[in-house]
Amino acid sequence: MISTDTAALYTHPDRNLAMELVRATEAAAIRSAPFIGKGDKNAADGAAVDAMRAFLGTVNFDGIIVIGEGEKDEAPMLFNGERVGNGRGPACDIAVDPIDGTSLTAAGRQNALSVIAVSDRGTMLDASSVFYMDKIVTGAAGRGVVSLDQSIGDNIREYSKATGKAVGELSIAVLDRPRHEGLIDAIRSAGAGTRLLLDGDVAGGINAARYESRIDMCVGIGGSPEGITTACALKALGGFMQGRLAPGDDAERARAIDAGLDVDKLLEIDDMVSGDNTFFVTTGVTDGALVNGVRRKGPMIRTESLVLRSRTGTARRVIAEHLAEKWV
């Protein structure tokens, strides 16, 4: 007979899962590293997908990918709905992004990451029918202070008061996209500075919630999958986040409604990921403000990873050295 304590381990992801997951993000980062700066983002992504999937197949859990590489007819591996793991552990929802920032990797730019997020089964919002989400992320001081229902100027001024930091000292991260021209102008008109992101707003959101970061707030429209993934991380960091789905046209809005999504709802973190047992694991592909990228040092390959767990509120950095000959 299985004890109650043992049964619980097979219901909820436990702390040992984090170290198993980091092996998968390390593998994806290492395999994609030879493609850094080579101009072929598809080759980099393909290598990362193959490596991540191979390692996930050995993990002690019964995972279902809620946020993956796309629907089955578009992505042969790590697609939405695919089961991963060896099936012998806890039942989990999974979000994967073998490379968050494929264009960054191909160009040799900073802040490309390999990412996995995990939560208890049935707790991760499936927003795959809507590609974009409007988001705002801050540290804990933003709770009850900032909101997507306020103007960016009001949010900046109110957050300045809450943190005791002058408006002119605030740094606001936003994806550098034509759709954000008005938003960027409004941020600067309010007196704050911008930190323009070339790609991958997961790192921007996490840095906005970290107390030692130079980023104070992350705003704008980015991928909805990245939004859900960021929410898993924010659960562990104690930060504040809101989102609202942003369908691009009437057809996408109709698909969202058919999927049972309320595109007008202001989503809080608990709406994106309910419960308090999330893991977020990321390994740097290229150097960035969050983690360092893959580095070859003589016979060794060095990786840096960040592991967050909401139940314990812990953030751990994992520095690993891998014998390069094992990865030939």
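These legends accompany close-up views of the cores and cavities in a predicted model. Local features need pLDDT of at least 70, side-chain atom pairs count only at pLDDT 80 or more, and totals for chains, interfaces and linings use all residues. Residues are numbered from 1 along each chain as its sequence is written, and side-chain values use heavy atoms, with hydrogens and water left out.

**View 1. The largest nonpolar core holds 42 residues.** Such a core joins buried (under 20% relative accessible area, 1.4 Å probe, protein chains only) Ala, Val, Leu, Ile, Met, Phe, Trp, Tyr and Cys residues through side-chain atoms within 4.5 Å. Met124, Ile228, Met241, Leu245, Met272 and Phe280 have the most contacts inside it. Helix α8 (residues 224–237; a DSSP run of H or I, at least four residues) supplies its largest share, six residues. Another core, of 37 residues, lies apart from it and includes Ala48, Met52, Ile65 and Cys92.

**View 2. Here are the neighbours of Met124.** Leaving aside residues up to four places away in sequence, Met124 touches (heavy atoms within 4.5 Å) residues including Asp93, Ser119, Ile228, Cys232 and Met272.

**View 3. Lys135, Asp201, Cys218, Val219 and Gly220 are the lining residues closest to the centre of the largest cavity.** Its lining has 13 residues: six nonpolar, four polar and three charged. β8 (217–223) gives the most, with five residues.

How values were computed
Buried < 20%, exposed > 50% of the residue type's maximum accessible area, 1.4 Å probe, protein only. Helix = DSSP H or I, 4+ residues; strand = E, 2+ residues; numbered from the N terminus. 1 Å grid on protein atoms, 1.4 Å probe; cavity = no way out; pocket = protein on both sides within 12 Å on 5 of 7 lines; lining within 4 Å. Nonpolar A, V, L, I, M, F, W, Y, C, P; charged D, E, K, R; others polar.
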